Amino acid sequence: MSVHVFKLSHVSSCLSCHRLQESLLSSASGYRNYRGVLNWCVVMLVLSNARLFLENLLKYGILVDPIQVVSLFIKDPYNMPAACLVIVSNVFIVAALYTERRLSVGCFSERVGLLVHSINLSVTLCFPVTIVLMLKSITPVGGASALGVYTVLFLKLYSYKDVNKWCREMSHAKARSLARESGQDYQVSYPGNVTLRDLYYFVFAPTLCYELNFPRSPRIRMSFLLRRLFEMVSSWMIPIIQSSMKPLEVNIIPLSSLSHQVPNHLLWLIFFYWFFHSSLNFIAELLQFGDREFYRDWWNSETITYFWQNWNIPVHKWCLRHFYKPLLKSGVSKWLGQSAVFLASAFFHEYLVSVPLKMLRPWAFMGMMAQLPLAWFVARFLRGNYGNAAVWLSLIIGQPIAVLMYVHDYYVLHYREGY
């Protein structure tokens, strides 16, 4: 009987081999696993760059000069103001810790503590600007690196101030609720967290938002650490810009930017992977920092807003926790709150570009503020794949134009006499 049933089922399956279904690449199929396509893109990128590398090696020889690379950061190996500037940042860390210790024991009132913190945070932003603009020995790359460190430090110390203030506003029992289950044998509660070791762990941790007890991984995985280190070392590309500056002087910036859009975009993608995946995961593994969500699926963004909320999670979390939500709590509307976030982001973009280049230009600021009307347009008129295409176009077209505007102005300001 069972043999007969088996034969009937076999015959039935042979007679009917089709069913109602969509092709995998159709959006209606619901298929989302494109890992093989991603691997194909990586292989093609490696092969194409390998071909270009061999062609350039045979035609021009070895162009990478280690001394020239180092000179991007320092002009004189015996005079490194950018490195010294980073070392001086420890003063602001200690000042923040001292203020919190005085507040925790009641030596400072909340008003005095807020005043001291405000002065410390203001100087944290203004002091490096003064040094970078005054010293001619600081290179643009060195200046940008130092300002980047101070910007991150400003955001971290602001978060440190806020969280400790929230702890003081709560009862001791409620302050313990801020501790999260993180696999640790103990949980720290306020004011036991106000220590030099705790603050410096936060300073080096790959996050901008302070917590009393961060989620911690059980151990350091050496194989994972070495893979991330290999990615950090191997993900390099040196753009050749000087040869492309001359056409910019004949007022054909849009035409010149067309030839730089794809290389610029590839550089941006490589930077994203190098920094947000390889570098931050390397630091997190080294410090056993458990929260590894440094980015989400921004490549699937169907709106500009979704992209900005998901491509840089540490900054997004900070803005949401310490800027946007407090604005809403104070009675500001959502639209004004979002506009204020973009305004602050535009300021820091300009801060990190114009100051190291020592020339005040509004291109980064204008580019960020232009995201507001673009976000409204895409959200209102474009949906699905069309919205995703609009996001990608804004990344591929918009960024090279802003970069070339700065490169053009910097070149004209410093190298025009030679042409």
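User: Which class does F275 fall into: buried, partly exposed or exposed?

Analyst: This is a predicted model, where local features need pLDDT of at least 70, side-chain atom pairs count only at pLDDT 80 or more, and totals for chains, interfaces and linings use all residues. Residues are numbered from 1 along each chain as its sequence is written, and side-chain values use heavy atoms, without hydrogens or water. Buried means under 20% relative accessible area and exposed over 50%, with partly exposed in between (1.4 Å probe, protein chains only). F275 has a relative accessibility of 29%, so its class is partly exposed.

User: Where do F271 and W274 lie?

Analyst: F271, at 38% relative accessibility, is partly exposed, and so is W274, at 30%. They sit 3 residues apart, about one turn of the helix. Helices here are DSSP runs (H or I, at least four residues; strands are E, at least two), numbered from the N terminus. Both residues belong to residues 261–287, which form helix 12.

User: How is the ring pair of W274 and F275 classed?

Analyst: Rings of Phe, Tyr and Trp (its six-membered ring) pair if their centres lie within 6.5 Å; planes under 30 degrees apart are stacked, over 60 edge-to-face, and the rest tilted. For W274 and F275 the centres are 6.3 Å apart and the planes at 40°, so the pair is tilted.

User: Which residues does H349 touch, leaving out those up to four places away in sequence?

Analyst: H349 is part of helix 15 (residues 334–357). Contact means heavy atoms within 4.5 Å. With those sequence neighbours left out, H349 touches A364 and M368.
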